[in-house]
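Biologist: Could you take me through this model, starting with the strands and then moving on to the helices and loops?

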Amino acid sequence: MNESQKNQLELLGIKDANAHWNLSPEQLSKIAVDKGMAKVADNGAIAVNTGEFTGRSPKDRFIVEDEKSRDHVWWGDINVGFSAEKFDSLQEKMVAYLSGKELYVRDAYVCAHPEYRLNVRVINEYPWSNQFAYNMFLRPEERELENFQADWTIINAPEFKSDPQVDGTRQHNFAILSFTKKTILIGGTGYTGEIKKGVFSALNFILPTEKNTLPMHCSANVGKDGDTALFFGLSGTGKTTLSADPNRKLIGDDEHGWTPNNEIFNFEGGCYAKVIDLSEEKEPDIYRAIKPGAILENVVFKEGTNEVDYEDSSITENTRVSYPIHHIDNTVKPSLGDNPKNVFFLTCDAYGVIPPISKLTPGQAAFHFISGYTAKVAGTEAGITEPVTAFSACFGAPFMPLHPTRYAEMLSRKMKDVGTNVWLVNTGWSGGPYGVGSRMKLKYTRAMITAILNGDLDNAEFVEHNVFGVHVPQTCPNVPDDVLNPRKTWDNPDDYDKTADELAQKFNKNFEKFASQANDEILAGAPKASAKAN
């Protein structure tokens with residue numbers, strides 16, 4: 001740490017710290033192992049345990065309510081306000097706690113498009129947290145580090161615990177964003193995803209309000225002819241699997257922006273993937289990316305070895321790996337793409353009623369984007385097979401500070417401006433609901449997406465679905481015709497109609513909280529349910 005770096009920490013109030021600045025992944029891995037904080041797996045990655053928290057804690061994520069945020073943020077259960085005075089007081093406590101300690105500082109940036117670049121300084125209590133920042137954010141050249149000026153600062157202290165009675169937090173852990181101070185405070189949790197999603201939340205505010213750019217929780221790839229495709233979807237819908245295409249290059253895995261000039265850019269410099277039940281056969285790109293430089297979180301080794309048992313969920317189902325994007329061979333450099341020709345909304349419908357592939361109008365696209373639907377099977381208890389609906393606005397509600405209609409209307413405008421096609425893809429059940437039907441075959445889903453990307457459905461015949469109103473192709477190369485019409489896959493068509501109506505009611509009930517700010521076109525994109533849900 002040189003004198004300039006020391007001064008920059010002291011300006012934040014961190015004094016007498018032994019700060020290691022921009023160490024390499026190799027150096028950080030060695031420090032973590034030497035301190036007993038990590039173990040080396042047989043594939044060369046380090047394995048860490050994030051402690052009490054093995055996932056994000058959405059109820060403990062706050063946004064400072066002040067002049068910058070007050071009239072823009074959609075306040076409520078997701079975006080919870082926090083006092084500016086309490087934020088300042090908590091930051092003073094955190095920097096006092098970090099003073100005199102051994103720290104790890106990373107200068108990085110987000111947004112691969114040079115016009116949107118945002119410099120980020122991450123100050124970590126743990127070496128492996130700093131390595132995570134190296135993996136996940138974009139890495140400046142050496143010459144760019146010489147006069148680096150941070151636009152945003154993240155202060156991350158997993159062992160610092162707040163006092164809820166005094167500090168205004170819900171419990172001892174917290175992640176708090178201040179758009180005025182351009183600072184994110186993260187304490188009381190070692191889960192690294194809070195670092196990644198804190199920056200994503202900031203960009204989801206900054207880009208629409210200041211740059212007229214749509215931020216998106218999606219993966220993106222590009223074909224040989226330069227055609228870009230986007231894949232939105234909640235956990236378990238196949239976003240990572242379907243965007244990893246050997247015939248197309250990956251732009252990014254999780255977070256992107258769509259500019260007014262219709263360019264796509266990756267926010268990140270790495271991937272943060274689930275590894276539960278990982279195998280080389282199912283996810284070859286992720287499996288092979290786990291090598292020196294990667295960080296495994298909360299995995300378990302096979303007894304007496306340093307070989308990871310990916311099937312072991314005894315610590316958590318949310319086992320993870322982070323790695324820099326250059327661990328994947330088939331990527332675009334830099335992580336940019338042109339106007340998206342096709343956008344896919346992925347859902348795992350456990351009710352078995354949504355068509356496996358259908359085309360959406362701009363209004364329907366906005367409605368389904370705001371809804372962010374998938375379904376999960378309700379537990380493992382004997383006899384419980386009823387699916388449970390899961391709605392997450394914009395396919396990423398916990399990270400969206402603005403009202404969901406703000407993002408949806410931007411998406412609709414872009415669709416119209418550039419003629420983008422939006423498709424709803426059901427990777428869930430066919431032939432009946434969970435417990436009766438079967439999961440859609442991956443080879444059929446891949447065939448449908450490939451057909452769209454190749455233009456094979458450009459002149460196909462489409463029929464409007466009687467409940468959801470989406471447009472369903474009647475034929476698709478390498479997919480049986482009956483598979484395309486979910487009603488035909490059920491033994492009893494009347495049961496299908498009843499279940500489809502029940503799901504449509506759930507959609508419309510969920511949408512009631514957004515309806516007052518949705519325009520007529522979006523409202524017209526709703527399914528035609530026979531009655532309101534109870």
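**Strands, helices and loops**

Modeller: In this predicted model, strand β6 (residues 102-110) pairs with β7 in the antiparallel sense, over 7 bridges. Within that pairing, Ala108 stands opposite Val120 in β7.

Biologist: And what is the sense of the pairing between β7 and strand β8?

Modeller: β7 and strand β8 (residues 152-157) pair in the parallel sense, over 5 bridges, and Arg121 stands opposite Thr153 in β8.

Biologist: What is the strand order of the open sheet of 8 strands?

Modeller: The order in that open sheet is β1-β6-β7-β8-β10-β9-β4-β5, and the pairing is mixed. At its edges are β1 (18-21) and β5 (80-82), each of which pairs on one side only. With direction ignored, neighbouring strands of this sheet are turned by 25 degrees against each other on average.

Biologist: Which helix packs on the sheet?

Modeller: Helix α7 (residues 193-211) packs on the sheet, where it touches β4 (61-64), β6, β7, β8, β9 and β10, and its direction makes about 155 degrees with that of β8.

Biologist: How many bridges are there between strand β9 and strand β10?

Modeller: Strand β9 (residues 174-178) and strand β10 (residues 183-187) pair over 5 bridges in the antiparallel sense, and the bridge partner of Ile176 in β10 is Leu185.

Biologist: On to the helices: at what angle do the axes of α10 and α11 cross?

Modeller: The axes of helix α10 (residues 362-371) and helix α11 (residues 404-418) cross at roughly 150 degrees and come within 9 Å. Angles over 145 degrees count as roughly antiparallel, and α10 and α11 are therefore roughly antiparallel to each other. The crossing of α10 past α11 is right-handed.

Biologist: Which residues make the contact?

Modeller: From α10 the contact takes Pro362, Ala365, Ala366, Phe369 and Ile370, and from α11 it takes Pro404, Thr405, Tyr407, Ala408, Leu411, Ser412, Met415 and Lys416. The residues of this contact of α10 with α11 divide into 10 nonpolar, 2 polar and 1 charged.

Biologist: Now the backbone geometry: which residues does the cis peptide bond join?

Modeller: A cis peptide bond joins Lys333 and Pro334, with omega at about -10 degrees, and Pro334 lies in the loop between β20 (320-324) and β21 (336-337). As background, most peptide bonds are trans, and most residues other than glycine have a negative phi.

Biologist: What is phi of Asn262, and what is phi of Asn298?

Modeller: Phi of Asn262 is near 60 degrees, a positive value in a residue other than glycine, and phi of Asn298 is likewise positive, near 60 degrees. Asn262 is found in the loop between β14 (255-258) and β15 (264-266), while Asn298 is in the loop between β17 (295-297) and β18 (300-301).

Biologist: Buried or exposed, for Asn262 and for Asn298?

Modeller: Buried means under 20% relative accessible area; Asn262 counts as buried because its relative accessibility is 18%, and Asn298 counts as buried at 1%.

Biologist: Last topic: where is Gly432, and what does Gly432 touch?

Modeller: Gly432 is found in the loop between β27 and β28, and at 1% relative accessibility Gly432 counts as buried. Not counting residues up to four places away in sequence, Gly432 touches Tyr351, Gly352, Gly437 and Trp490. The C-alpha atoms of Gly432 and Thr489 are separated by 7.4 Å, with the two residues 57 residues apart along the chain.

Biologist: And where is Tyr434?

Modeller: Tyr434 is in the loop between β27 (429-430) and β28 (438-439), and at 29% relative accessibility Tyr434 counts as partly exposed. Tyr434 and Tyr351 are 83 residues apart along the chain, and their C-alpha atoms are separated by 6.4 Å.

Definitions and conventions:
Residues are numbered from 1 along each chain as its sequence is written. This is a predicted model: local features need pLDDT of at least 70, side-chain atom pairs count only at pLDDT 80 or more; totals for chains, interfaces and linings use all residues. Side-chain values use heavy atoms; hydrogens and water are left out. Axes are lines fitted to C-alpha atoms, for helices over the stretch in contact, and angles run from 0 to 180 degrees between N-to-C directions. Helices (H or I, at least four residues) and strands (E, at least two) are DSSP runs, numbered from the N terminus. Angles under 35 degrees count as roughly parallel, over 145 as roughly antiparallel, 65 to 115 as roughly perpendicular and the rest as oblique. A crossing is left-handed if the near helix is turned anticlockwise from the far one by less than a right angle, and right-handed if clockwise. Contact means heavy atoms within 4.5 Å. Ala, Val, Leu, Ile, Met, Phe, Trp, Tyr, Cys and Pro count as nonpolar, Asp, Glu, Lys and Arg as charged, and the others, Gly among them, as polar. Buried means under 20% relative accessible area, exposed over 50%, partly exposed in between (1.4 Å probe, protein chains only). Two strands pair if DSSP finds at least two bridges between them.
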